[in-house]
Amino acid sequence: LFDGIYPFYPQQRKAAGFDISTIIVIVVFLTLACSFLLIIPGIRGRARLYWTLRVLLSLFVGVVIVVVQFTGDWETGWVQANTSYKSFSPAQVNADIGLHIGLAGVNVTLRGNPVRQINETIDYNEHFPWNFGADYDHSYSQGLQKGLPSPILYVAEKFTVQSPCAVHRQYRIAGHYASAMLWVAFCTWIISNILFSMPVLIYGGYMLLVTGAFMIFSLLSFSTVRNSPMCLIQIGTRTLHVAYGGSFWLMVAIGLICFVAGITIVAVHHLNLDLLKTFFDLREDKAEEHQEMPEVFINPHVMNKNL
């Protein structure tokens with residue numbers, strides 16, 4: 001024994017706070033934002049504020065579109081209950097059981113209240129994927145073989161293919177199409193940034209509207225699972241209910257921001273084009289193209305008299 005731990009045996013898995021893919025995406029976009037902040041002092045005048053607002057807002061929209069693909073809180077639910085901890089054991093524990101549904105799978109969280117009970121640390125966060133290429137039932141079978149706590153297996157069993165709840169197919173298809181719509185929105189977001197830099201401002205505004213539209217389509221696709229009745233998840237004497245989570249409402253907000261920004265750009269293009277060019281730092285370039293010829297002084301000794 002080494003401090004009460006067997007050193008040559010696998011230890012209990014720790015609960016994960018963030019998905020690795022989410023951290024990678026956030027780090028990439030933070031690197032882009034920091035790179036821009038390093039060059040922003042080279043922009044003079046009021047254009048510095050406009051550039052900062054445009055770039056940071058655009059990066060925020062892009063990182064949200066990608067990050068929500070990997071988050072697990074499109075639907076969430078928590079319940080605190082007294083429940084059995086392991087099969088074939090009369091031991092009861094007081095714990096918080098959480099259900100977190102994402103586009104690619106479901107996370108079931110079990111956290112003791114307090115964490116240390118019956119001489120064990122009760123702090124689990126297990127992921128069961130259902131995206132295409134993954135086998136949800138196989139992951140559930142692995143959980144059975146590992147001997148996961150009964151509350152986790154009970155909640156995860158509700159989403160298996162053979163479950164009487166019959167919600168596995170609905171969540172899997174809805175998550176797949178919602179993810180596809182978000183990747184299309186990410187592509188249109190890139191195109192809108194290219195159009196703004198060309199610059200073709202009004203078409204960039206149109207592409208922002210298309211980006212917002214595909215975000216809304218993804219939300220509608222995911223919300224179709226509400227058409228299927230959800231089985232009651234009864235844990236002890238309490239019932240676990242799920243509702244739309246942070247990722248869902250964040251996508252609603254970002255979609256509305258894209259709609260408002262796109263409509264504003266298109267409207268200002270037709271009502272006050274000079275104001276729009278000022279915001280995108282294009283007035284000076286236009287003035288240089290159409291500036292009048294300055295007064296020219298000619299040396300009469302060199303000038304040809306026949307001209």
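1. Strands E2 and E3 run antiparallel and are joined by seven bridges. Helices (H or I, at least four residues) and strands (E, at least two residues) are DSSP runs, numbered from the N terminus, and two strands pair if DSSP finds at least two bridges between them.

2. A word on the ground rules, since this is a predicted model: local features need pLDDT of at least 70 and side-chain atom pairs count only at pLDDT 80 or more, while totals for chains, interfaces and linings use all residues. Residues are numbered from 1 along each chain as its sequence is written, and side-chain values use heavy atoms, with hydrogens and water left out.

3. Now the sheet as a whole. It is open, has five strands in the order E4-E3-E2-E1-E7, and its pairing is antiparallel. At the edges sit E4 and strand E7 (243-244), each of which pairs on one side only. As background, strands of a sheet pair through backbone hydrogen bonds, either parallel or antiparallel.

4. Helix H4 (residues 150-157) lies across E1, E2, E3 and E4, and runs at about 160° to E3. Contact here means heavy atoms within 4.5 Å. The axes are lines fitted to C-alpha atoms, for helices over the stretch in contact, and angles run from 0 to 180 degrees between N-to-C directions.

5. How many salt bridges are there? The count comes to three, taking a salt bridge as a side-chain nitrogen of Lys or Arg within 4 Å of a carboxyl oxygen of Asp or Glu. One of them joins Glu-120 and Lys-86 at 3.0 Å, N to O. Glu-120 lies in strand E4 (residues 120-129) and Lys-86 in the loop between E1 and strand E2 (92-101), so this pair ties together parts that are 34 residues apart in sequence. Glu-120 has a relative accessible area of 24% and Lys-86 one of 38%, so both count as partly exposed. For reference, buried means under 20% relative accessible area, exposed means over 50%, and partly exposed is in between (1.4 Å probe, protein chains only).

6. Arg-111 forms a salt bridge with Asp-123, with the closest N and O atoms 4.0 Å apart. Because Arg-111 lies in strand E3 (residues 105-117) and Asp-123 in strand E4, the pair ties together parts that are 12 residues apart in sequence. Arg-111 is partly exposed at 35%, and Asp-123 is partly exposed at 25%.

7. Glu-126 and Lys-146 form a salt bridge too, their closest N and O atoms being 3.8 Å apart. This one ties strand E4, which holds Glu-126, to helix H3 (residues 136-146), which holds Lys-146, across 20 residues of sequence. Glu-126 is buried, at 5% relative accessible area.

8. Is Trp-74 buried or exposed? Trp-74 is buried, at 0% relative accessibility. This residue lies in the loop between helix H2 (47-67) and strand E1 (75-84). The side chain of Trp-74 reaches the backbone oxygen of Val-68 at 3.1 Å. Trp-74 and Gly-245 are 171 residues apart in sequence, yet 4.7 Å apart in space, C-alpha to C-alpha.

9. Finally, the unreviewed UniProt entry annotates "transmembrane region" at several spans, including residues 51-71 and 202-222. In the model, residues 51-71 are 81% helix and 0% strand, with end C-alpha atoms 30 Å apart. Residues 202-222 are 100% helix and 0% strand, with end C-alpha atoms 31 Å apart. UniProt positions follow the numbering used here, feature names are shortened, and annotations may be inferred rather than shown by experiment.

Terms used. A polar contact is a pair of N or O atoms within 3.5 Å; within protein, one must be able to donate a hydrogen and the other to accept it, and residues adjacent in sequence count only if both atoms are side-chain atoms.
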